[in-house]
Amino acid sequence: MNAPTTRRLTVAQALVEFLAHQYTERDGRRHRLISACWGIFGHGNVAGIGQALLESGDALPYLQGRNEQAMVHAAVGYARQRDRLSAQAVTTSIGPGATNLVTGAALATVNRLPVLLLPGDVFATRSADPVLQQLEVPSAGDVSVNDALRPVSRYFDRVTRPEALIPAALQAVRVLADPVDTGAVTLALPQDVQAEAYDWPEEFFADRVWRVARPAPDAGALAEAVHSIRGARRPLLIAGGGVHHSEAEEALRAFAEATGIPVASTQAGKGSLRHDHPADVGGIGHTGTATADALAREADLVIGVGTRYTDFTTASSTLFAAPGVRFVNLNIAPFDAHKLGAASLVADARAGLEALTGALSGHRVAAAYEAGYRAAKEEWERRVDAAYGAADDSVRPSQTQVLGALDGIVDDTDVIINAAGSLPGDLHKLWRARSRRQYHLEYGYSCMGYEIPAAIGVRLAAPDRPVWALVGDGTYLMNPTEIVTAVQEGVNITVVLIQNHGYASIGGLSEATGGERFGTAYRFRAGDGTYTGAPLPVDLAANAASLGMDVLRAATVGELRAALVKARGANRPTCVYVETETADTVPGAPDAQAWWDVPVAETATRPAAVAAREAYDRHAAGRRRHL
């Protein structure tokens, strides 16, 4: 009997070779599971993973980043654009390089998006102890800073022996390819083990296909859901991110057209129906439209598809107010399907919607209900037009007018990216999504600094689509470094940099909760500790230019429109810089249509906080637990 064929490689070389042969497959289409590896090198990965990537050539392409957290954001943007069927890896050195991964890992896991993290680790042999940047824990010799990644990873392993890589790598890619379990996956790699050679079985490097199934709903659960829908007089469907991940948009459209049931969307689910579809009633929850939130308050049945019901979606458990309201949840994850005491359909979103549409044949909501929400939708569109419009082209634009100018030039191919600040609220209410994956809002973690690196990831995933990163000044100052990456790699993104001299979103929240906008503006501090009205002499446009971008400055609405058109046609990374009008006299987005629970001081001496607590108590009285 012949001995098994082996190949002698280092642990790092074996891991890179293994990753180059992993694939996902859904609906007969195969995808490379790990398409590339981002990396910043230092001791801990330069002589291990770094050498292996160099040796592998095009087998696993390398992408150079400037900030470890940003590299994870770029990989997450890529994975989302690719419907979680393809992902990227991120490698770092030990110490601060590794701990910089934590925020990005949390973002990936919260949003159920796959990313493979390969941080270097301290010496497994303890031959250099403590090594530079090592955290010494007197009570535990087997702990390193990488253990901070455990709670934010869906799978974590530390590979302390070469042969342990085989089960660890297989478990890692299993989780990455699983639509229920996916998120950040961490393989911590001690730097001495990375460089250690081992005789690997040849079958470890064979092509391996991880099939992403479309599980159908249980027949009994389907019958129960159909019974509930047929008995509802005012049903409302909420489309979450799972609709996009499953590529279920056409199935949703068929369901809505067959039943007449209106469709509202979460931040992650927006664009599941085109904005001009008669059944699309816009965003739901604290940042939702008046149309969707009014329907939610009166709904006797809520059908959640691919949503995990965050507090923004439920208005902190105050939105679904009808006395007998019930829930039917279609979700591939049982954990989410059972929320709110729902009748659960544990299934793939596309398969579940197709099954519901077939079983509901001939059923349709009452004509009066359908006519009512369509009329309300038309009224809301008039409010959007008012927010987007400007008196003339010579005025400084408001933030909503910036969105209106962008709305006027994009088509179905463009992708709009945002994550934090006041923009998510305005976009959720106002943006007219024209196609699947046009609306890219990271609002599960709402991480400042996500937009620019995520735009790079999206453009790498969809090189033929114009990609826009909408960034406020506060977010820009958090993480502009990946502009250099976009310039170096020739990744053609457009950054729309909106300057309003402070944290607009938190400023508004501070005012609403009695904080009187304390600590939220970028202003000079006076001798008495107060802040003057003069803005800081900070030129963010010059900063973007210094990092290698072409910069177009726009002072008026007319100049903004021209700059956006020019940027969309540019062939290299471009920034459109605009300072917005913040005066109260300028129309903005409509106020929040539903509450959000941010606790207010129960005792205070300042009148603003006392009044805010009284308002808080009134709203909090409307909370309910759905069982």
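In the predicted model, three strands form an open sheet of order 3-2-11 with mixed pairing (strands are DSSP runs of E of at least two residues, helices are runs of H or I of at least four, both numbered from the N terminus; two strands pair if DSSP finds at least two bridges between them). Strand 3 (29-32) and strand 11 (208-211) are the edge strands, each pairing on one side only. From one strand to the next, the twist averages 35°. Strand 2 (residues 22-26) pairs with strand 11 in the parallel sense over four bridges, and Thr 24 stands opposite Trp 210 in strand 11.

Local features need pLDDT of at least 70 and side-chain atom pairs pLDDT 80 or more, whereas totals for chains, interfaces and linings use all residues. Residues are numbered from 1 along each chain as its sequence is written, and side-chain values use heavy atoms, with hydrogens and water left out.

Helix 6 (residues 165-177) lies across strand 2 and strand 11, at about 35° to strand 11 (axes are lines fitted to C-alpha atoms, for helices over the stretch in contact, with angles from 0 to 180 degrees between N-to-C directions; contact means heavy atoms within 4.5 Å).

Helix 1 (residues 11-19) is largely enclosed by the rest of the structure, because eight of its nine residues are buried (buried means under 20% relative accessible area, exposed over 50%, partly exposed in between, with a 1.4 Å probe and protein chains only). Among the buried residues of helix 1 are Val 11, Leu 15, Phe 18 and Leu 19. Tyr 62, located in strand 5 (residues 62-64), counts as partly exposed because its relative accessibility is 33%.
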